Amino acid sequence: MRKLVFQTVIVIFALTAGLGCRNENKPMRDKDNNDRKWWKEAVVYQIYPRSFKDANGDGVGDLKGIISKLDYIKSLGVTAVWLNPIYSSPNDDNGYDVSDYRNIMKDFGTMDDFDALLKGLHERNIKLVMDLVVNHSSDEHKWFKQSRSSHTSPYRDYYHWWNAERGTPPARYSLFDVNHDAWRYDSLTKAYYLHYFSRKQPDLNWENPKLRQEVYNIMKFWADKGIDGFRLDAFGFAAKDTTWPVYPKGYEKEFSKYYAIQGHLHDYLKEMNSEVLSKYDVMSVAEGTGNTYKDAHDMVDADRNELNMAYPFEGVDIPKIGGYSLMHFKQVFSKWDSVFAKKGWLSVFLANHDQARMVSRFGSDDPKYRDLSSKMLTTFIMTMRGTPYYYNGDELAMTNAGFTDINDYRDKATLNEYQHQKNIGGNMQEFMKGLAFSCRDNGRTPFQWDESTNSGFTTATPWIKVNSNYKTINAAAQEKDPNSTLNYFRRAVKLRKDNLVLVYGKYTLLDKNNLDVYSYTRELDGKKLLVLLNFKNYAATAATGLNLGKAKVLLGNYSDPSKNGTLLPYEAVVYELQ
Ligand code: GLC
C-alpha cells in the first residue's frame, strides 16, 4: 500500500510471468533463494496499456498498439511484460473496476487482439503477466447487478452488505471515495455495500466459497490461454473481519493495520495455490505486503504454497517533496533484502502506474542531471537481489508532467480527493503542489515515441495530455544516441541477464554511513561484483576499503568511470572484483 498525494492508494499485487532460465543445468538448493526459477531471473517491463500506443486513433492506447511495438519491447532485452488490466470495464479506475473478467475492454480491442499479443510476446520469448483484480469488481459487473437486485439473489453474498434496519454500519475508510466513506447506501434493498476503493468498486466477499470458485475459474481461463502469471491487485485486503467491529477513533490514519492480511487471507491464498497456481507454470506476485515483515514473508515463503513474490511499497514510498535521505533508502532496501535473504522472493522497483515518475521522485529531472540520475537509478534496480520491475517510459527518463490545472488530471481518485479537500476547506495550493510531485497521473502521460504530434502516441486527442518535453525526450531520438538512457537501460538489462550473481548473489551493504554514496557487493560462487551509486548532484567518495586497482568495469554512466571510488554527480559504476 502506498500514498499518492493527499490520498492513499492501496495496491497489493501478484504477478506471474515466465521466462526461460539460463544455465538450467546447475540446480541449487531446494526451496531456498538459490533455487532457480524463471521468474527470479526475469526482468519485468510494466506496460500501462492506456498510455503506451494508440493504433486505432481514438486517443487511448490499445492492444494493437502494443503489438505494433513488440520489436521495441524485445529490443529492451526484458523477459516478461506485466500488463495493467485490460478486461471489460467502465473505467472508473482505468480498468481496476472490472465488469467482465473474460472479455477485453472495448477501448483496448478484442480477444483476437489479445491472442495475437500473447503469441507475439511468446514468439519473442517474452512472458506475459496479467493483473488480477479480485478484491473488488465493478458495480457494473453482472454479479453486482444481481447482488443488489434483492436480498435473496444467489449473488447477494458475493459482496458485503449491511442491512439498514441494523442502523448505520461501523465506519470504514475508503481510499477513493469523495467522503472517504467505504459504505454506500443502496435504496433498492435498503442496505449498504462495502467499497474500500471507489463507489464503483464494491468489495467481493471472499468468505463465500462460490465467489472463490468463480475467481479460480477466471484464473484458469487465462492460464489455459497460456499466460505466464498473475499480479494480485490489492489482494491483501480481500479478507475482512465480518464481525464488523467498531474500530478505535483515528484508525483511518493507519487503516492498513485493520485492513491488510486479516482473517482467512492465508487460507484463501493456499486454496488459490492448490486450485490454480500449482497446476500451471505461472508465477504470482502480491501487491503490498501487509503490516509486518512476517506478513510479507508468509505470503511468499515457498514452503507455505501461497504466492511467489512480494512487492513491498516501503521503498517506493520514500521520496517526499524537498527530497529524501539516502540513509533511509539504504536502510529500507537493506532490511528487506535481509528479511528475504534465505527464503521468499522480492521484487525491486522504483515506479509503477500508481506513482509519479522515477527520475522526478528519486533522481533529478533537471536537464543537467536527468539522464545521469536516471541511469544511476536503473543501475540500482538491475543490480539488487529480487526481480526487477521497470515501468514503461522510465527507460527514456520520462519526467513528471506536473500539471498545475486540475482539469488536466484524469485519475478519479485524485479528482475525488480534490473535491474532498475543497469540501473540508483544505489548502488547495499545497494540494496542487502535492499533485504535481506525486500524483499517479504523472506516470500515466502518453509514452514519448518521437517528436511528431502527440509524441507519436496517437493521431487523435490523447485521453491525457502528453508531457510538453516530448520533443526532447523521446524514443526515436534516443535510439540514435548510444549514450541515451534507453541504450543504457538495454546494457543494464543485458548485464543482469549475463550475470547470475546479480540475481542470486548475496547482497552486502558497504560504507553504510555514507550520506551520499550507496555501495554494495553481490557475491555468488566466487564471483564478486561491486556497485557504487552516487545519489547526489555533487562529487562524493565511497570508502569501501576495497582495492579497485584490478577491478573490471562492467557498466558505468560516465565515459571514464571512476577507478578510485570518487564519483562524479550521480555516477554509477558496476565492477567485477578480481
Ligand atoms: C491497486 C492498483 C491501483 C488501483 C487500486 C484499486 O492499488 O495498482 O491502480 O487503483 O488497486 O484497484
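Reader: Hi! Which residues does Trp206 touch, leaving out those up to four places away in sequence?
Author: Trp206 touches Val134, Leu211, Arg212, Val215, Tyr216, Phe235, Ala238, Tyr268 and Met272, with residues up to four places away in sequence not counted. A contact here means heavy atoms within 4.5 Å.

Reader: Thanks! What sort of model is this?
Author: This is a predicted model, in which local features need pLDDT of at least 70 and side-chain atom pairs count only at pLDDT 80 or more, while totals for chains, interfaces and linings use all residues. Residues are numbered from 1 along each chain as its sequence is written, and side-chain values use heavy atoms, with hydrogens and water left out.

Reader: Back to Trp206, then. Which residues touch the most other members of the largest nonpolar core?
Author: Trp206 does, along with Ile73, Phe114, Phe380 and Tyr518, in a core of 170 residues. Helix α6 (residues 209-225) gives the most to this core, with seven residues. Apart from it lies another core of 12 residues, including Leu530, Leu532, Ala542 and Leu577.

Reader: What do "nonpolar core" and "buried" mean here?
Author: A nonpolar core is a set of buried Ala, Val, Leu, Ile, Met, Phe, Trp, Tyr and Cys residues joined through side-chain atoms within 4.5 Å. Buried means under 20% relative accessible area, exposed means over 50%, and partly exposed is in between (1.4 Å probe, protein chains only).

Reader: Is Phe114 buried or exposed?
Author: Phe114 is buried, with a relative accessible area of 0%. This residue lies in helix α4 (residues 111-123). Phe114 touches Leu63, Ile86, Ile104, Leu128, Met130, Trp222, Lys225 and Ile227, again not counting residues up to four places away in sequence. Ile86 is 28 residues from Phe114 along the chain, and their C-alpha atoms are separated by 9.1 Å.

Reader: How many helices and strands are in the chain?
Author: The chain has 17 helices and 22 strands. Helices (H or I, at least four residues) and strands (E, at least two) are DSSP runs, numbered from the N terminus.

Reader: Let's pick a helix. Which residues of α8 are buried?
Author: In α8 (residues 265-275), the buried residues are Leu265, His266, Tyr268, Leu269, Met272 and Asn273. Seen down the axis of α8, they fall within an arc of 160°, so they line one face of the helix. That arc is taken from the directions from the helix axis to the C-beta atoms.

Reader: What do they pack against?
Author: The buried residues of α8 pack against α6, β11 (229-232) and α9 (293-300). As for Asn273, this residue is buried with a relative accessible area of 13%, and touches Ser278, Asn305 and Glu306, not counting residues up to four places away in sequence.

Reader: On to strands! Where do the residues of β4 point?
Author: Ala80 and Trp82 point one way from β4 (residues 80-83), Val81 and Leu83 point the other way, and all are buried. In a regular strand the side chains alternate between the two faces of the sheet.

Reader: In what sense do β3 and β4 pair?
Author: Strand β3 (residues 44-47) and β4 pair in the parallel sense over four bridges, and Gln46 stands opposite Trp82. Four bridges also join β4 to β7 (residues 127-132), and these two run parallel. There, Val81 stands opposite Leu128. Two strands pair if DSSP finds at least two bridges between them.

Reader: And what is the order of the open sheet of five strands?
Author: The order is β16-β17-β18-β22-β20, with antiparallel pairing. The edge strands, β16 (506-510) and β20 (552-556), each pair on one side only. Five bridges join β18 (residues 527-534) to β22 (residues 572-576), with Leu532 opposite Val573.

Reader: Which helix lies across β20 and β22?
Author: Helix α16 (residues 485-498) does, running at about 135° to β20. Axes are lines fitted to C-alpha atoms, for helices over the stretch in contact, and angles run from 0 to 180 degrees between N-to-C directions.

Reader: Last one: what does the chain span along its principal axes?
Author: The C-alpha trace spans about 80 × 50 × 50 Å. Of the 578 residues, 64% count as buried.
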